[in-house]
Amino acid sequence: MGNRVVTVVISAFNAALTISRAVSSALASPEVRSVILIDDASDDGTGNVAQIAAEGSPRLRITRNEVNRGPAAGRNRGFEMADTEVVAILDADDQVASGRFTHLLNCDDWDLIADNIRFSRTLECDAGDAAPVRRTRTIDLSEFASRNISRPGQPRGELGFLKPIIKTDFIRAHRLAYDETLRLGEDFIFYANALACGARFRLADTVGYIALEREDSLSGKHRTDELIALAEAGWELIATLPPGPERRAMQRYNRAVEIKARHRRLLDERRQLGAAAAMINLLATPRYVPGVLTGILRDKLADRPASPQPPPNPRLLLDSSDFLEDATIQNGNRLSG
């Protein structure tokens, strides 16, 4: 692929503190034809800060919503506006490393391709340069769903965090769109639907995406209705899948989401109705009782002084074991043998 073949889509709400580095990092890539910023009814000057960061570049295109519609709607709007072979998702808190798009575009045989993510808890993290891709591997819906079930007590490593670049033709051929009812897990559902449509989803071993990791972004902070909506979207997808490992993996994922939702509902009801009434209501849905009680016990243990130490800063989403069995590639071309 030649230069300027990527549209970077950023959906931003009150991101004045971080949008400058997001926009600047994207515009620094020669492959980027345009950065489409959907300013989702920000009231902190996000759009103005982005314009300053772009230094007058016509490659920055800003569309403003007067009412907040959420990141899913913003990404759909950006995909509609894209006029390039490839679109890339970038969160307003995050940045891309120099050379990221060069290296990913040199790989072949993909509809979606994502690289490793470096998580940082500070704004001062330097994006640096992405190394050339040495190894890639494919991922199917079964593995993707299984690896989005969070592991209590472990650093978050769900593959729904990935921010791939995506062939525009694939999106349009399969009429893929983000579910705009979701405020949680919208990326997961979009990628899962793409995989269900037969997408070739590859992972690359280079680190090209740098994400700001916030304590207040953890799923435990999300509302009960957001978890319920995510589960409903998951069941809609499951209904389209034939019997087999992918369907079973999605069912396991969805049951885990439903248990989280029922746990959150218990906490809501305890505040509103009292502990006794909340527990009676839980017992009326016995299929959730074991999972919810396990979650309660886990929370109790986490409150003890000997709770696990925070994950290292920075940390990576994937580790080297993710690429042990896959063919080495050089300059995007697989080596034989």
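This is a predicted model: local features need pLDDT of at least 70, side-chain atom pairs count only at pLDDT 80 or more; totals for chains, interfaces and linings use all residues.
Me: Let's start with the whole chain. How many helices and strands does the chain have?

Reply: Happy to begin there: the chain has 11 helices and 12 strands.

Me: And how should I read burial and surface for the chain?

Reply: Take burial as a share of residues: of the 337 in the chain, 50% count as buried.

Me: What share of contacts between residues at least 6 apart in sequence joins residues at least 24 apart?

Reply: In this chain the share is 83%.

Me: Could you show me one such pairing up close? Which residues does Asn 193 touch, leaving out those up to four places away in sequence?

Reply: Gladly. Asn 193 touches Leu 176 and Leu 237. With Leu 237, the separation in sequence is 44 residues, yet the C-alpha atoms are 7.0 Å apart in space. To find Asn 193 in the model, look in helix 7, which spans residues 186–196.

Me: Now a surface feature. Which residues make the nonpolar surface patch of about 250 Å²?

Reply: Met 279, Leu 283 and Leu 293 make that patch. Leu 293 sits in helix 11, residues 289–302. Its relative accessible area is 41%, so Leu 293 is partly exposed.

Conventions
Residues are numbered from 1 along each chain as its sequence is written. Side-chain values use heavy atoms; hydrogens and water are left out. Helices (H or I, at least four residues) and strands (E, at least two) are DSSP runs, numbered from the N terminus. Buried means under 20% relative accessible area, exposed over 50%, partly exposed in between (1.4 Å probe, protein chains only). Contact means heavy atoms within 4.5 Å. Patches are made of residues with over 30% relative accessible area and no salt bridge: like charges are joined within 9 Å, nonpolar side chains (Val, Leu, Ile, Met, Phe, Trp, Tyr) within 5 Å. Accessible areas come from the Shrake-Rupley method with a 1.4 Å probe; for residues, only the protein chains shown count as cover. A salt bridge is a side-chain nitrogen of Lys or Arg within 4 Å of a carboxyl oxygen of Asp or Glu.
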